[in-house]
Amino acid sequence: MTSLHLRNRPAEAGALTQQQRRRIRQRALLLLKYFVLTGLALLFLFPIAWSFLNSLKTPAESLAVPPTYLPTAIVFDNYAQLEAFGNYGIIGHVENSTIVALLTVVGSLVLSTLGGYGFARFNFPGKNLLFIMVLSTMMIPFQSILIPLFVMLVRFELNDTLIGLALVYITFQLPFGIFLMRNSFLAVPKEIEEAALLDGCSSLSLLYRMMLRLVLPGIVTVAIFAFINSWNEFLAALIFMSDQDKFTLPVFLTLVRSGIYGTVDWGALQAGVIVAIFPCLLVFLLLQRYYINGLIGGAVNN
Amino acid sequence: MTPRRIIFAVMIMALCMGALPLSAQDDGVSMTMWVRNIGDQVQELVDAWNDRGGSQIQLTVIPPNEFVTKMGAAIAAGESPDIASIDLIYAPAFAAAGQLLDITDWVDALPYADDLLPAHSELGTYEGRKYAVPFLIEGSFIIYNKGLFEAAGLDPETPPTTWDEMLEAARAITAIDDETYGYYFAGACAGCNAFTYLPFIWASGGDVLSDDYNAATIASDPIVREALEYYRTMWEEGLIPESASIDDGSSFVSAFGTGTIGMAGTGAFGINTYRNDHPDLELGAFHIPGKEGGASSFGGGDVIAIGSGTQHPQEAWAFLEWMMSDETQLEHYAARNRTTVRVSMLENEYSQDDPLVLTAASALAVGKSPYSLVYNDLFNDPNGPWLEMIQIAILDGDIEGALQLGQDRFTQIIEG
Amino acid sequence: MTFGLGSLSWEQRRKLTGLLFVLPTVLFVTVFFIIPLAMTVFMSFHDWPLIGEQSWIGTTNYTELANDRQFLKSLDFTFRYTLFVTPPIFILGFILASLVRHQIRFIGIYRTIFFLPVVIGLGVSSLIWVWMLDQRVGIFNKMLLDLDLIAKPQLFLAKPATAMNVIILSVVWKTVGFTMILLLAGLQSIPDELYESADVDGAGYFRKLFYITLPLMRRTIALALILSVIGSVLAFDQFYIITRGGPRNSTISIVYWIFNNSFTYWKMGYGSAMSIVLLGILVALSSIQYYVLRERV
């Protein structure tokens, strides 16, 4: 239609050539695109922003029916309220989550680096079988083996300990970590390594002194995944932890939601939500390149 | 053995012996105690105990929905608490699993052993041995708003005594204005409805379980159907606020406190809450009625037991004994409007002038507590058949389907 | 070499070193994965209470499954949920991926924002949603009331259908960024020349979509769909937190029912039998994934 129109009045006004028109049209489309994108972005940010705003209301205002849109005053009382919750307060549970997350990060890093290097650079009997065994962990999600894991942890007296929880988390980070680290090591030219070996380096010190620097992106990716996944995990933490003092953040927050004395403290709950999402957002925003690459690499390539 | 080893061994023995008398006294002993969240009554009691010096108790509050799960997991892990305040209906299951300390001899030696509330004591007994004593006493009854009764033209001093009278009162109160409702129940809370709804059936001579608790009588007992139809009528006529349908128990107490509800089921715990938080409400109470009269109540609350894995049985028992003593019952129970664990003290100097407390106490006289190892799975589980049956019948109106489902799933669970 | 195995040849030592490097991983996988997996099978043939004695009962747990109406209901619900939640995630994910595909100014910020909810835990995001959906303090009712779209606060979680819908909304928000990133990677791997020559031929948007984009992205699309399906089959957090399985036990997923049986009713043997069924479903899904992704390599 448009082009027909144009042809009928080719010289009229003489101002707009076909190319100019196309450029205007493209501009308009681009503007529309930004408009749509911005609208969607606002929708996506809304729940987080709304939760954050509410965590800054006074406790009374957070419970107002109907709710107010914006806080009338900005205070941190909801956060203080959360610290007074339970025996242990929010800080204690942040500590729990941090300990579990750090143990998981360190554990997955050590195991994935050693294992990835082993699978990438060495030949030994049964290598392929073992590699498939490790990767098959990915096929079978942990939800289906939680019951025996619980029974085992109880038997080892690791149930209800942060270490026990971290051990389980490490295991389920392993297939991804091993896969990624193996690929990272495979990408390092063999010559670098052989030269060092000839210089008399042991395998372990070679790995430590040279290779780690070369596979740093892989290491960062494994660390971010281990951190975010263990920090956020809910079901296993819910089952394995029975002592309230040892609850990780997500489980602790469901306690706040169920309301200890008959009413739910929504303000404190949103303060807790903000505390729980802040580290993940921070880690992601700072290191998102590694995270996204890992996600695509891990998902697409196997 | 080398001389050095002998010296070492002697030193160890000396240390142990030195430690023994220490642990027999209660100085320096720290015990853990678990409760489900039931308000600050337990906290006050434990604070009072800790303030006496001697052994200290640290409280851990477990949300009621998770109590069985957490307690079971802790027991399986060998980490059960020294003392546990257990919803009385779970006591047989925990005792059967061998997780509670047998305290028969200690209990029998009490001068007031026969004075402990019988329903609770019975739930604390398993195969003739005693494992728990009464602790928190909650008999269900109906609380009503006298102001609304008056506004509806009803006599606030003669509360209903039959289903029909209650229904009429509920209609009248709902008719006052758009904001008022005659009745309230927590439509998504399984335990709340065991506590306040089952007695409607019992008071009319019916039951959902056979006398030996080994079979479901939901489909065969006509009273069950009538009770479902009764609530359904109230729901259909809009005598109950719509928000009740999703109340998972978090508004079970607070809904009535808003002053717009005429009548609601509650327990002794409600009395203080309403008086403290809503002093302007004029409160009355009556027993949960049967269809044509009569009354019943759910004898609920908690029993208290000692974990079989405890290192401090003596100290734990000392706390239990102190809790049941005349002085504590008077100062920390009766004086605070709470129902005592002792029958002879149900009526006392504090309760005499308080009709609410008297109703709560006398409810126990008509009270009943089901004794079942699978009580949780039947009644209290938020995903259990009791709640599902109530929701399907009352909210959806499918009474036939509800009875069928209830009968089937009850039977399945009982037969395990 | 630090191992002091001087007697071994270099080749042999390399082999041993390699084994030692992977040993910790193999140990972990064996202890926390292979053994539990075998135990799940073993336990499923037992009456295995959380506390107390276990006893062998053969296939009774499995035959009981067929009569467990809640289990059948949960199976049905989980499949329906998966069926309803997958298309919106995929379609919105595809739209988002198309929108952020080209490297225009600020596009990185938009990509980041759409992806942001993915890094929040599902448990925590459910806690935001249950609060936004509340009939008293929730923002949704407040806005709908202020816009005069409703006359009185809605109980979103009171009816099975609306409960399912709002949960789907929350899950789409939480996970669509993941699908978007996968599809974006797929879109970007299609050479621009293909589109340019299609433009020359005068092909419209939908022609290009159906003749270039979709066929070339088959693998990526299959992957995105299957990952999303597997995630939905394993759903638990959102139902445990937002609906607690209600109303009328209509939102109890398979994992939720396993959780209840194992850790609330203390029937771990029965829970294991259900886990085996779940496992079968997942292995089947993973096999489809393997098959589809392999086909066109």
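Trainee: What distance separates the centres of domain 1 of chain C and domain 2 of chain C, taken over C-alpha atoms?

Mentor: First the ground rules: this is a predicted model, in which local features need pLDDT of at least 70 and side-chain atom pairs count only at pLDDT 80 or more, while totals for chains, interfaces and linings use all residues. Residues are numbered from 1 along each chain as its sequence is written, and chains are lettered from A and ligands numbered from 1 in the order in which they are written. The bounds of a domain come from an automatic or database domain assignment. Here chain C is split into domain 1 (10-56) and domain 2 (68-295), and 33 Å lie between their centres.

Trainee: How many residues does each domain of chain C give to the contact?

Mentor: Two residues are in contact if their C-beta atoms, placed from the backbone, lie within 7 Å. Domain 1 of chain C supplies 10 residues and domain 2 of chain C eight. Helices (H or I, at least four residues) and strands (E, at least two) are DSSP runs, numbered from the N terminus. On the domain 1 side, helix 1 of chain C has the largest share, three residues.

Trainee: Which residues of chain C are in each domain-1 class at that contact: how many nonpolar, polar and charged?

Mentor: Ala, Val, Leu, Ile, Met, Phe, Trp, Tyr, Cys and Pro count as nonpolar, Asp, Glu, Lys and Arg as charged, and the others, Gly among them, as polar. The side of domain 1 of chain C that touches domain 2 of chain C has six nonpolar, three polar and one charged.

Trainee: How many residues of chain C are in contact with chain A?

Mentor: 67 residues of chain C meet 70 residues of chain A. Helix 1 (residues 10-43) of chain C provides the largest share of the chain C side, 19 residues. That side has 49 nonpolar, 13 polar and five charged residues.

Trainee: At what angle do helix 6 of chain A and helix 1 of chain C cross?

Mentor: Axes are lines fitted to C-alpha atoms, for helices over the stretch in contact, and angles run from 0 to 180 degrees between N-to-C directions. The axes of helix 6 (residues 127-139) of chain A and helix 1 of chain C come within 10 Å and cross at roughly 50 degrees. That makes the pair oblique, since angles under 35 degrees count as roughly parallel, over 145 as roughly antiparallel, 65 to 115 as roughly perpendicular and the rest as oblique. Among the residues making the contact are A:Met133 and A:Val134 of helix 6 of chain A and C:Val26 and C:Phe33 of helix 1 of chain C. By class, this contact has seven nonpolar, two polar and no charged residues.

Trainee: What is the strand order of the open sheet in chain B?

Mentor: Strands of a sheet pair through backbone hydrogen bonds, either parallel or antiparallel. Two strands pair if DSSP finds at least two bridges between them. In chain B the four strands have the order 8-9-7-10, with mixed pairing. Strand 8 (181-184) and strand 10 (283-286) of chain B are the edges, each pairing on one side only. The twist averages 20 degrees from one strand to the next. Strand 7 (residues 141-145) and strand 9 (residues 261-266) of chain B run antiparallel, joined by four bridges; B:Ile143 has B:Ala264 as its bridge partner.

Trainee: Which helix of chain B lies across strand 7 and strand 10?

Mentor: Helix 16 (residues 355-363) of chain B does, running at about 20 degrees to strand 10 of chain B.
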